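Here are my notes on this model, point by point. Have the viewer open while you go through them.

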Amino acid sequence: MHAPLVRLMPGLTGYVLARTVETVPPLAPMDGVAALWFASREAADRAASTPEGRRAGEDNENFLDRSRLVLTWVEDDTWVEDDGDRLDDGTGAVPGPGHDA
């Protein structure tokens with residue numbers, strides 16, 4: 001199983017697996033998304049270069065179609081706090097479908 005390998009990566013501060021329950025045409029189908037959090041991009045690069053990070057990366061071959069793999073760096077914005085209050089980031093943007101403002 002891949003998740004236990006990822007969880008061993010040094011400096012990992014968060015890890016979420018979201019499994020697809022239904023695809024939205026015409027987008028390409030995928031079976032899920034994984035999000036990993038580190039304190040910085042440098043921390044992520046360091047983690048990937050450790051034996052634990054290399055083992056997790058090598059394990060991708062056991063279950064991923066690498067021709068369809070997409071890696072990206074993102075910054076997340078919090079829209080809903082644990083108490084349910086929505087946050088205003090000052091951009092005037094609103095959450096997407098299913099997340100009424």
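**Notes on the model**

1. Helices here are DSSP runs of H or I with at least four residues, strands are runs of E with at least two, and both are numbered from the N terminus. Thr72 is exposed, its relative accessible area being 59%. For these labels, buried means under 20% relative accessible area, exposed over 50%, and partly exposed in between, with a 1.4 Å probe and protein chains only. Between the C-alpha atoms of Thr72 and Ala35, 37 residues apart along the chain, the separation is 9.8 Å.

2. Before going on, the ground rules. This is a predicted model, in which local features need pLDDT of at least 70 and side-chain atom pairs count only at pLDDT 80 or more, while totals for chains, interfaces and linings use all residues. Residues are numbered from 1 along each chain as its sequence is written, and side-chain values use heavy atoms, with hydrogens and water left out.

3. Two other residues of that segment can be looked at in the same way. Leu71, also in the segment after helix 3, counts as exposed because its relative accessibility is 76%. For Val74 and Trp37, 37 residues apart along the chain, the C-alpha separation is 9.9 Å.

4. Is Asn60 buried or exposed? Asn60 is buried, since its relative accessible area is 15%, although Asn60 lies in the segment after helix 3. Leaving aside neighbours within four places in sequence, Asn60 is in contact with His2 and Arg66; contact means heavy atoms within 4.5 Å.

5. Now the overall layout. The protein chain has 3 helices and 2 strands, and along the sequence they follow the pattern α-β-β-α-α. Of its 101 residues, 15% count as buried. If you take contacts between residues at least 6 apart in sequence, 44% join residues at least 24 apart.

6. The largest nonpolar core has 7 residues: Val6, Met9, Phe38, Ala43, Ala44, Ala47 and Ala56. Helix 2 gives the most to this core, with 3 residues. A nonpolar core is a set of buried Ala, Val, Leu, Ile, Met, Phe, Trp, Tyr and Cys residues joined through side-chain atoms within 4.5 Å. Apart from neighbours within four places in sequence, Ala47 is in contact with Met9, Pro10, Phe38 and Gly53.

7. Ala56 is worth a click. It is found in helix 3, and Ala56 counts as buried because its relative accessibility is 4%. Beyond its neighbours within four places in sequence, Ala56 is in contact with His2, Leu5, Val6 and Met9. The C-alpha atoms of Ala56 and Met9 are 8.1 Å apart, with the two residues 47 apart along the chain.

8. What does the side chain of Thr50 lie 3.1 Å from? A polar atom of that side chain is 3.1 Å from the backbone nitrogen of Gly53. Thr50 is placed in the loop between helix 2 and helix 3 and is buried, with 18% relative accessible area.

9. From Pro25 to Pro26 the peptide bond is cis, with omega near 5°. Pro26 is in the loop between strand 1 (12-19) and strand 2 (32-38).

10. Last, the largest pocket, which holds about 1,900 Å³ of space. A pocket is an open set of points on a 1 Å grid over the protein atoms alone, where a 1.4 Å probe fits, with protein on both sides within 12 Å along at least five of seven lines; lining residues have an atom within 4 Å of a point. Grid points are joined across faces, edges and corners, and the volume is the space filled by probe spheres set on the points. The lining has 43 residues, with Ala34, Ala35, Leu36, Val70 and Leu71 nearest the centre. Strand 2 provides the largest share of the lining, 7 residues.

Terms used: A polar contact is a pair of N or O atoms within 3.5 Å; within protein, one must be able to donate a hydrogen and the other to accept it, and residues adjacent in sequence count only if both atoms are side-chain atoms.
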